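Here is a short report on one structure. It covers a charged pair, a sheet, the ligand site and some backbone details.

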Amino acid sequence: MNTDVIVIGGGLVGASTALALSRGGLSVVLVEAGLPQENNTEWDSRIYAITPGNVEFLRDLGVWNTMDASRINPIHAMQVWGDVSNSPLNFDAYSAGVAELGFILENRLMHAALWKALEHTQDLQILCPARCSALEFGKDTAHLTLEDGRNVSAKLIIAADGANSWVRKQAGVEVVAEPYHQLGVVANFDAEKPHGNIARQWFKDDGILAWLPLPGNRISMVWSAFEAQAKTLMELTPEQLCHTVAEAGHHSLGAMHLITPAAAFPLVLQRNQSMIAPRLAMVGDAAHQVHPLAGQGMNLGLRDVQMLVEVLLKTQRDVGDWAILRRYERSRKADVFAMGSVTDGLQKLFNNDDPMLGFLRNTGLRMVNHLPPVKRALMARALA
Ligand SMILES: Cc1cc2nc3c(=O)[nH]c(=O)nc-3n(C[C@H](O)[C@H](O)[C@H](O)COP(=O)(O)OP(=O)(O)OC[C@H]3O[C@@H](n4cnc5c(N)ncnc54)[C@H](O)[C@@H]3O)c2cc1C
């Protein structure tokens with residue numbers, strides 16, 4: 001089989017790439033190793049904060065409006081506390097001149113909406129579940145062989161197969177990975193008091209706790225905790241976890257009731273030596289992995305998709321042409337580098353018991369609150 005593009009990995013980043021490219025007129029084969037996910041009514045503990053810029057992209061793809069709006073919650077304000085000061089750093093949509101700072105939604109909801117759209121797309125072939133066995137990059141084409149013996153050739157391979165990308169390894173692209181020795185512990189709770197559509201975050205010297213507003217009085221927790229503490233959190237009974245989480249957030253939303261079991265994910269800063277190789281472009285976690293403290297990993301991935309789709313659909317040349325791939329990489333470099341550096345810098349500044357850094361970070365937070373231009377610059381990135 002011959003096609004323009006093979007997208008390997010059908011997570012949120014790969015699925016949106018395949019959808020946008022085939023809508024744009026390219027022939028696409030999407031290869032996903034896992035079974036299609038079921039969208040059931042249980043709450044999913046994998047939650048994303050999606051920026052307004054990416055919501056616009058999903059709206060253009062015709063996916064945003066197909067999702068159940070009663071499962072999506074806007075963020076109208078953010079409050080960020082340092083480890084000393086009692087007064088938070090405040091950001092709000094009204095001051096930023098926008099209707100929302102972002103939206104919180106479930107992984108499963110967005111995944112199901114994207115896959116439903118894929119099934120109704122022409123010139124797109126989905127191979128799922130399908131396991132890759134060999135990948136060769138030739139001068140004019142790349143050849144993929146699946147474990148069941150099927151072969152597909154394409155002008156371009158797009159790796160969207162996540163942080164441990166098999167495709168990246170086949171192309172010999174190196175990565176530098178720095179583990180944070182932290183786990184992101186996630187769980188959803190029903191809180192006693194309304195959250196007021198405010199995302200709350202506490203930077204502590206032993207970790208970073210975020211409460212993201214879900215519909216109703218529900219919240220989603222992401223607690224980036226060092227390994228020993230994360231292990232302890234995972235071993236707590238539901239009642240103990242509720243008490244610990246409520247206490248860590250100074251009981252600001254009253255008592256908590258657990259609605260999804262806790263899950264934990266290792267946190268790593270991963271930088272690729274390159275986002276491209278001959279006949280290959282990488283997107284999403286296959287191209288970079290950042291600390292989740294700013295809720296930006298998926299957002300970075302969706303911005304990769306938007307840029308890659310733009311350069312591929314604009315070109316009159318072969319879509320695997322090296323000059324086109326270079327254009328993609330150049331246009332993504334600054335955003336990817338900045339997000340990796342900012343999140344890494346904040347993690348190291350706050351998750352540290354050096355008293356001098358303690359003084360600096362809390363003074364810094366207070367200063368940002370009183371410097372509207374700095375606040376505006378921070379907001380611009382968070383809204384993209
Ligand atoms: C605790 C935590 C909280 C987070 N919160 C946020 C947030 O609020 N906002 C945000 O923007 N980001 C957030 N992130 C980051 C976000 O989860 C990732 O950036 C995002 O999931 C990456 O998506 P992806 O599609 O690139 O990769 P993945 O989600 O890993 O998808 C990869 C897909 O490829 C498939 N696959 C793998 N190998 C193969 C193969 N060989 N062949 C075929 N298919 C294959 C897999 O089955 C999977 O479907 C968070 C991360 C963590 C850990």
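In this predicted model, glutamate 106 and arginine 71 form a salt bridge through their side chains, with 2.9 Å from N to O. Glutamate 106 belongs to strand 7, while arginine 71 sits in the loop between helix 2 (52-60) and strand 4, so the pair ties together parts that are 35 residues apart in sequence. Side chains of opposite charge can pair when their charged atoms come close. The count of salt bridges is 15.

Strand 3 and strand 7 (residues 102-106) are joined over four bridges in the antiparallel sense. Alanine 49 has isoleucine 104 of strand 7 as its bridge partner. Strands of a sheet pair through backbone hydrogen bonds, either parallel or antiparallel.

**The ligand site**

Alanine 49 is also among the residues closest to the ligand, along with Glu32, Asp285, Met298 and Asn299. In total, 30 residues surround the ligand. Which elements each supply at least two residues of this shell? They are helix 1 (12-23), strand 3 (47-50), strand 17 (263-272) and helix 8 (297-314). By class, the shell has 17 nonpolar, nine polar and four charged residues.

| Residue | Protein atom | Ligand atom | Distance |
|---|---|---|---|
| Alanine 33 | polar backbone atom | nitrogen | 3.1 Å |
| Alanine 49 | polar backbone atom | oxygen | 2.9 Å |
| Aspartate 285 | polar side-chain atom | oxygen | 2.7 Å |

On its own, the ligand has 1,000 Å² of accessible area, and the protein covers 81% of it.

**Backbone details**

Where is the cis peptide bond? It runs from cysteine 128 to proline 129, with omega near -5 degrees. Proline 129 lies in the loop between strand 8 (124-127) and strand 9 (132-137).

Histidine 181 is placed in strand 12 (residues 175-191).

Conventions
Residues numbered from 1 in each chain as written. Predicted model: local features only at pLDDT ≥ 70, side-chain atom pairs only at ≥ 80, totals over all residues. Heavy atoms only, no water. Near = heavy atom within 4 Å. Polar contact = N/O pair within 3.5 Å; in protein donor to acceptor, adjacent residues only side chain to side chain. Areas by Shrake-Rupley, 256 points an atom, 1.4 Å probe, with all protein chains shown as cover. Nonpolar A, V, L, I, M, F, W, Y, C, P; charged D, E, K, R; others polar. Pairing = 2+ DSSP bridges. Salt bridge = Lys/Arg side-chain N within 4 Å of Asp/Glu carboxyl O.
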